[in-house]
Amino acid sequence: MEKTALFENSRYRTMLSQRQLEELMLLTCGVESCVPGYEYDAGDREGYHLHVILSGKGILSVNGQITQLHFGQMFITKPGEETWYRADREDPWSYCWMAYDGTEALQYTEAAGFTSGVNWLNCRIDTSRFYTLVQNTLEYSSNLNLSGDLHRLAKLMEYLAVAIESANRDNKVAQRKPEYNSALYVEYAVNYLQANYANAKINDVAQQIGINRSYLTSIFRKQMGLSPQEYLMQYRMDKAQDLLLESDISVQEIALRVGYENALTFSKIFKSYYGLSPAHYRQENRRTEEESG
């Protein structure tokens, strides 16, 4: 059974949780406005504590390496490392944090950019998003029921998701090794292109998936036999073919429906696929149907 406790005063608000889940568990979360020079030794605590600096500055020491940090940055303490951090004496920092553990904790931590030897990163996301998630989590501290459990876990997962989103906006982190099987990326790309064929752009697909365009093109071509752009064009022409045969709407309207504002451009591409202009294709195929009927 989960037990939670909320502690707060004028500068500090935190929740402690004792629920033990195998994959991912929320240990604690909170917000603190530190007094000048406040120091914390984090060397012996469990789990991963991901902090987002909301204002001010301070220093972080990990295994003897000291770094000065400030508003707009994130830092994490990891189990097994000699870590302490201290608020600046002139401009002490305030921060929010979530602490977590579990069998998947390391995977999520590294996905957020905190790989081996990395304990701080610039935050590429509005820090208020992290603050809001922590405050929302604290509001569920007294809900000792399944609903409360799920709300707290959901907020932790969203907190980590936002951290990963921040990491993906850093070009260096975005080039890290893809996290999933290439077939899954291709399947998602195909589904996205089919659902958004009228206005899809390959860069948008890659961004949605979380990989770069060149890698997407490589794995897509290997599995599908053509590039994502070629697949998109072929799918558009197939849709246009269906509309020509099954409806009486104009060629210009069909062009718009399959993603071409210029009907002349659409007609040239269609002719390169089927050997006839859209109007002639419709005319010839309907004549064939009438003759066979």
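Start by selecting Glu165 and Arg129: their side chains meet in a salt bridge, 3.3 Å from N to O. A salt bridge here is a side-chain nitrogen of Lys or Arg within 4 Å of a carboxyl oxygen of Asp or Glu. Side chains of opposite charge can pair when their charged atoms come close.

Before moving on, note that this is a predicted model: local features need pLDDT of at least 70, side-chain atom pairs count only at pLDDT 80 or more, and totals for chains, interfaces and linings use all residues. Residues are numbered from 1 along each chain as its sequence is written, and side-chain values use heavy atoms, with hydrogens and water left out.

**Stop 1: H2 against H3**

Stay with the opening pair. Glu165 lies in helix H3 and Arg129 in helix H2, so the bridge ties together parts that are 36 residues apart in sequence. Helices (H or I, at least four residues) and strands (E, at least two) are DSSP runs, numbered from the N terminus.

Check how open the two residues are. Glu165 is partly exposed at 28% relative accessibility. Arg129 is partly exposed too, at 36%. Buried means under 20% relative accessible area, exposed over 50%, and partly exposed in between (1.4 Å probe, protein chains only).

H2 covers residues 127–139 and H3 covers residues 146–168; they pack at an angle of about 170°, with their axes 9 Å apart. That makes H2 roughly antiparallel to H3. Axes are lines fitted to C-alpha atoms, for helices over the stretch in contact, and angles run from 0 to 180 degrees between N-to-C directions. Angles under 35 degrees count as roughly parallel, over 145 as roughly antiparallel, 65 to 115 as roughly perpendicular and the rest as oblique.

Show the side chains where the helices meet. On H2, pick Arg129, Phe130, Leu133, Val134, Asn136 and Thr137. Contact means heavy atoms within 4.5 Å. Colour this contact by class: six residues are nonpolar, two polar and five charged. Ala, Val, Leu, Ile, Met, Phe, Trp, Tyr, Cys and Pro count as nonpolar, Asp, Glu, Lys and Arg as charged, and the others, Gly among them, as polar.

**Stop 2: other salt bridges**

The count of salt bridges comes to four. Select Arg257 and Glu253: their closest N and O atoms are 3.2 Å apart. The two sit four residues apart in helix H9 (residues 251–257), separated by about one helical turn. Arg257 is partly exposed at 40%, and Glu253 is partly exposed at 31%.

Next, go to Glu230 and Arg221, bridged at 3.8 Å, N to O. Glu230 is partly exposed at 39%. Arg221 is partly exposed at 42%.

**Stop 3: the aromatic rings**

There are 20 aromatic pairs to find. Rings of Phe, Tyr and Trp (its six-membered ring) pair if their centres lie within 6.5 Å; planes under 30 degrees apart count as stacked, over 60 as edge-to-face and the rest as tilted.

Select Phe75 and Tyr95. This pair is edge-to-face, 6.2 Å centre to centre, with 90° between the planes. Phe75 lies in strand E8 (residues 73–77) and Tyr95 in strand E10 (residues 94–101), so the pair links parts 20 residues apart in sequence. Both Phe75 and Tyr95 are buried.

Then try Phe220 and Tyr231. Their ring centres are 5.6 Å apart and their planes at 65°, so this pair is edge-to-face. Phe220 is in helix H7 (residues 213–224) and Tyr231 in helix H8 (residues 228–246). Both Phe220 and Tyr231 are buried.

Finish with one aromatic cluster: select Tyr40, Phe75, Tyr85, Trp93, Tyr95 and Trp97 together.
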